[in-house]
Amino acid sequence: MVQTFKFSSANLESSLSSFSEKGITEFTLQDEAILSHKGKLLHFLESFRLKCGDVFLTLPVSATVLDMDVCKACSELYCTLEIPLSGISKNGTYLFDKKFYSRRADMLNTLGLVFGFDMDYATASGDSVKLFRDRLDFALSLYPNHIDFPQLSDISVRDTRIFPKPTATFSTQDIKMCRETAFAVNVFYSLGRAVTWFLAVLSPLKMSPSKFFQDFAEWQKINNCSLESGWKADEAKHAEIEKMQLSFLKFKYEEKNKMQYFEVVENIVRLNGAVSRCYGEGEESKITLSYNPEELLSGSAMDIPSFFENSFIENSTVKIFMTDNGVDWKYC
């Protein structure tokens, strides 16, 4: 049974030392006074590191606060950053600063930080389907660990700030399509743990991410695992989602006449999936591969056509397991 503890701003810092005694292993900071102020946030992060550095910390924080000092402090913790990815409305136009977010993401990736984006649609004046797709394509180019859409949860009904509304540039049908696409992203990319290989696998298909996920949303409808079918994605095991990923990828590679590359794609997805389940669930597994595991996990596998042309077939069965130094593998 999961227990939830709440701490007030006044006693939060003094309570950090009690986390171990209470059995707290995860903590989300929701104090806006701390999250929005660099000095207070740095002080909190240092206290958190000293008193409960082994607790997993989630920081829902604006990108404006994430300078090098804050990011370095976060890099010393076991944490993830949840960053709103949004623009502003000005004179009926929706403005989005790609350079700003790109610089922040470069810094986060350089420091090896885990981060995700919170995205929305149809909440600001001037927003449109085209702009939503553009934001989504841009967001995925920055290699976030996941992308969350608060509008997919019941909170959007209670929180008018994120409840999508039809406008002159965003029809009711547009909202429905974006909601389906957002659900597709959540399943395939976020719950499917696809960050390490998604862009590489997408590249041979010559598709934008937004078009890919729009097509996946249609595939979900046909296969009764869409949002409207009532399928509970959050309750699905990762291995189940991996099967969906591979089924859809095979369909797209056939459609685009790129099936010669699919065996490489399948090896990459299955090996990375086994590694992620070992990290996430402590699950040991044996998988059959057609290529060298070390090569599949290297940077060379990120160019799939080149990998296909230059790598040798090496059929094998490997065991994925956890060691004191992290996930490892060996031939069976």
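**Reading side-chain contacts in a predicted model**

Trainee: Which residue places its charged end over the ring of Phe321?

Mentor: The charged end of Lys330 sits over that ring, 5.8 Å from the centre of Phe321. By rule, a charge sits over a ring if NZ of Lys or CZ of Arg is within 6 Å of the ring centre and within 35 degrees of the ring normal. The model is predicted, so local features need pLDDT of at least 70 and side-chain atom pairs count only at pLDDT 80 or more, while totals for chains, interfaces and linings use all residues. Residues are numbered from 1 along each chain as its sequence is written, and side-chain values use heavy atoms, with hydrogens and water left out.

Trainee: How many aromatic pairs does the structure hold?

Mentor: Rings of Phe, Tyr and Trp (its six-membered ring) pair if their centres lie within 6.5 Å; planes under 30 degrees apart count as stacked, over 60 as edge-to-face and the rest as tilted. The structure holds 29 such pairs. One of them joins Phe19 and Phe48 edge-to-face, with 6.4 Å from centre to centre and 80° between the planes. Phe19 belongs to helix H2 (residues 19–22) and Phe48 to helix H4 (residues 38–52), so this pair links distant parts of the chain, 29 residues apart; helices (H or I, at least four residues) and strands (E, at least two) are DSSP runs, numbered from the N terminus. Tyr253 and Phe262 form a tilted pair, at 6.3 Å centre to centre and 55° between the planes.

Trainee: Are Tyr253 and Phe262 buried or exposed?

Mentor: Buried means under 20% relative accessible area, exposed over 50%, and partly exposed in between (1.4 Å probe, protein chains only). Tyr253 and Phe262 are both buried, and Phe19 and Phe48 are likewise buried. Phe251, by contrast, counts as partly exposed because its relative accessibility is 38%. Phe251 lies in helix H12 (residues 238–255) and belongs to one aromatic cluster whose members include Tyr189, Trp197, Trp219 and Phe248.

Trainee: How many salt bridges are counted?

Mentor: A salt bridge is a side-chain nitrogen of Lys or Arg within 4 Å of a carboxyl oxygen of Asp or Glu. The count comes to 17. Among them, Lys38 pairs with Asp69, the closest N and O atoms being 3.0 Å apart. Because Lys38 lies in helix H4 and Asp69 in helix H5 (residues 68–75), this bridge ties together parts 31 residues apart in sequence. Glu281 and Arg193 meet in another salt bridge, at 2.7 Å from N to O. Here Glu281 is in helix H13 (residues 262–281), and Arg193 is in the loop between helix H9 (172–191) and helix H10 (198–202), 88 residues apart.

Trainee: Which residues do salt bridges with shared partners join into one network?

Mentor: That network consists of Lys176, Glu180, Glu218, Lys221 and Glu228.
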